[in-house]
Amino acid sequence: MSKLVIVESPAKAKNIKGYLGEGYEVIASMGHVRDLPAARLSVDVDNNFEPKYAIIKGKENFVNDLKKKANKADYVYLATDPDREGEAISWHLANILGLDLSDKNRVTFNEITKSGVSRGMADPREIDIDLVNAQQARRILDRLIGYKLSPFVSQKIRRGLSAGRVQSVALRLVVDRENEIRAFVPEEYWSIDAKLNNPPDKKSFSAVLVSDPEGNNLKPEKKALKSNEDSDYILSKLEGADYVVKSVKKGTRKKSPTPPFITSTLQQEASRRLSFQARRTMKAAQELYEGVDVQGMGTVGLITYMRTDSLRISEEARAAGNAYIHKTYGEKYLPSKPRYFRTKSNAQDGHEAIRPSMPDVTPDMVKSSLTTDQYKIYKLVWERFIASLMAECQQETLKVEIDANGYIFNATGYTVKFDGFTALYEEKTDDNSKSSSEAPLPPMKEGDVLHLKSLTGNQHFTQPPARYTEASLTKALEENGVGRPSTYVTITSTILSKEYVVREGKQFVPTELGEAVTNLLKDKLPNIVNVKYTSKMEDDLDKIDSGDKNYIDMIRLYYDDFETPLEKAKKEMQGVKIKLSEEETDIVCEKCGRNMVVKVGRFGKFLACPGYPECKNTKPLVHKTKAKCPECGGDIIEKKTKRGSSFFGCSNYPDCNFMTWDSPSDDVCPKCGKSLFKRKGNVLYCPDTEGCGFTKPAPRKK
């Protein structure tokens, strides 16, 4: 019998074909083949929100070929990804190919290994129509809101803008955080810090003032010392004081490992640890899931499905991980009883957490077969999973109270009694600085007289909340129940591409445009940018999965909630246009002498004369670098390809044809004085290779 298996990606098709062997043809759909056409609303609002699907432009020939293959096959299996989106793609394929929706032709693979594919093929099921409806509800609501809201925003601010069910909430979080930072008033406070040692031990340790002779709380976090005068007063009272150990308290504490990754935590940790943007992380993870050619093993998927918010792991994987820990670290590194992590109530528990598909395959075993990004992500996933199964880290804590003329200082520290899971992996945090109080303390006992090495008053200021990074914004969206694993990358990339936010280092900073969009929506359609409202909408959409809500009723409820205030806003703002300030440049209009300003049109930024309509002069916006052309000495300017990629060329083109993909630097060659460029490998080089050839490592970004 001939059997046709339809998956989503060519890489996965090739790997699955290798496992299934003869009698099977495996073909990739390349994602969706049918969708709502973008040229019109494509939803019949007056007829139960019936969607008007059509074959995606450019896929007509593929669909015709697919129909021919399906007609020739004795059986068709729909093996798209194991999530809502994958279920919907299978449903669309079944409709296009005329398959019976009651047939058990839907198979899913949590991991692309021989055993994972065999398990999936052995357990076909019907298409889950509740999952399909949950995806349809999201798609239809997103189309209705985006299609009707985006023109309103564009009309009131500027053409080409977009707004949406989730992206607008994400943007509001960034804008609100910026407003908090602007409104923040720093508060001055002081701490009294001592450096001490316990002779004859010469190693010093830190202690901080926590109370005065009257028992007032002077811990730095209480901000009781408001000024330099307060600090100097206490320092004067401590002149000549003896520092005597008042009490020594010993204790123990246990530190548990973090759970295996879900989509959001993988993106956050890869950002903190590897400085990867979410798209880069998910690209490498997708490749690891779909399968890579590993020397000595053939083509195999190294991790499980990477779009998940479930912390569940299979008992088979647990046993394999435990076996590796026992063999490598010994029995004492296994917990006394299995550790189970609780998945959030609104998580989709259809498949497991992100874990290695074969826990006994270490990162070093496959390093030579992986790209650098693949190896780094696999190492992260593997170490996190194995560590999650390991025993707790046990620490002995020590708290010492020190009396000096009635003023009490505290010194705290710990030593590791048993390293447990930390022998392999510890999660990074957004602030990884370790205070000196975490250092081990020397042996001390009550009555010991300590030697004072230094005593200082230190000025501090309270800090505003940090701006969001891609990682922390994803975390905030997840914690607030906004968006889902498959959408995080799209959300952040959309608000960046629309220039609602810009990156400064890793931080997201809202632009004037982003703030204008948010303020307009907060004023006229507050529900659209209300975090709790959007979270409730997500929860209701999730209930469609389980069949607890009718998806048409749910769409109607939220659409009515959206349409009424939108129509009201349109009437209230008839003829109103929100004006953004324009960025003035030092480029003079050659026609009228005014300084030209930066404007944004359909094809991006350009220069225009502010004297419009009297003067209609425009010209391309050129980003000039500090580098000079190595061939003619002209300015090196940044240019864009049609796809938006940057390259660099001489401003004297076409008289000078110098062009390079390498970034110009501010440095010049010490040999010949020409501008240096940076190529792959973080190397600065002189482009005059014949006469010079100078190279040096580029400085690392701090």
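Predicted model: local features only at pLDDT ≥ 70, side-chain atom pairs only at ≥ 80, totals over all residues.
Close-up 1. Residues are numbered from 1 along each chain as its sequence is written, and side-chain values use heavy atoms, with hydrogens and water left out. Cys 609 lies in the loop between β20 (604–608) and β21 (618–620); strands (E, at least two residues) and helices (H or I, at least four) are DSSP runs, numbered from the N terminus. Not counting residues up to four places away in sequence, Cys 609 touches Cys 589, Cys 592, Arg 594, Met 596, Cys 615 and Asn 617, where contact means heavy atoms within 4.5 Å. The C-alpha atoms of Cys 609 and Thr 494, which are 115 residues apart along the chain, are separated by 30 Å.

**Close-up 2. The packing of helix α13 (residues 470–479) on helix α14 (residues 488–497).** The two helices pack at an angle of about 125° with their axes 11 Å apart, the axes being lines fitted to C-alpha atoms, for helices over the stretch in contact, and the angles running from 0 to 180 degrees between N-to-C directions. That angle makes α13 oblique to α14, since angles under 35 degrees count as roughly parallel, over 145 as roughly antiparallel, 65 to 115 as roughly perpendicular and the rest as oblique. The contact is made by Glu 470, Leu 473, Thr 474, Leu 477 and Glu 478 of α13, together with Tyr 488, Ile 491, Thr 492 and Ile 495 of α14.

**Close-up 3. The antiparallel pairings of β13 (residues 393–404) with β10 and β14.** Strand β10 (residues 243–255) pairs with β13 over eleven bridges, two strands being counted as paired if DSSP finds at least two bridges between them. Within this pairing, Lys 254 stands opposite Gln 394 in β13. Eleven bridges also join β13 to strand β14 (residues 407–418), and the bridge partner of Leu 398 in β14 is Gly 413. The hairpin of β13 and β14 has two residues between the strands, and Asn 405 takes a positive phi near 55° there.

**Close-up 4. An open sheet of four strands in the order β26-β27-β28-β29, with antiparallel pairing.** Strands β26 (663–668) and β29 (695–697) stand at the edges, each with a single partner strand, so one side of each is left without a neighbour in the sheet. The twist averages 35° from one strand to the next. Strand β27 (residues 675–679) is joined to strand β28 (residues 683–685) by three bridges, and Phe 677 has Tyr 685 in β28 as its bridge partner.

**Close-up 5. An open sheet of three strands in the order β2-β1-β7, with parallel pairing.** The edge strands, β2 (24–28) and β7 (75–78), each pair on one side only. Neighbouring strands of this sheet are turned against each other by 20° on average, direction ignored. Strand β1 (residues 3–7) runs parallel to β7 and is joined to β7 by four bridges, with Leu 78 in β7 as the bridge partner of Ile 6. Helix α1 (residues 10–20) lies across β1 and β2 and runs at about 170° to β2.
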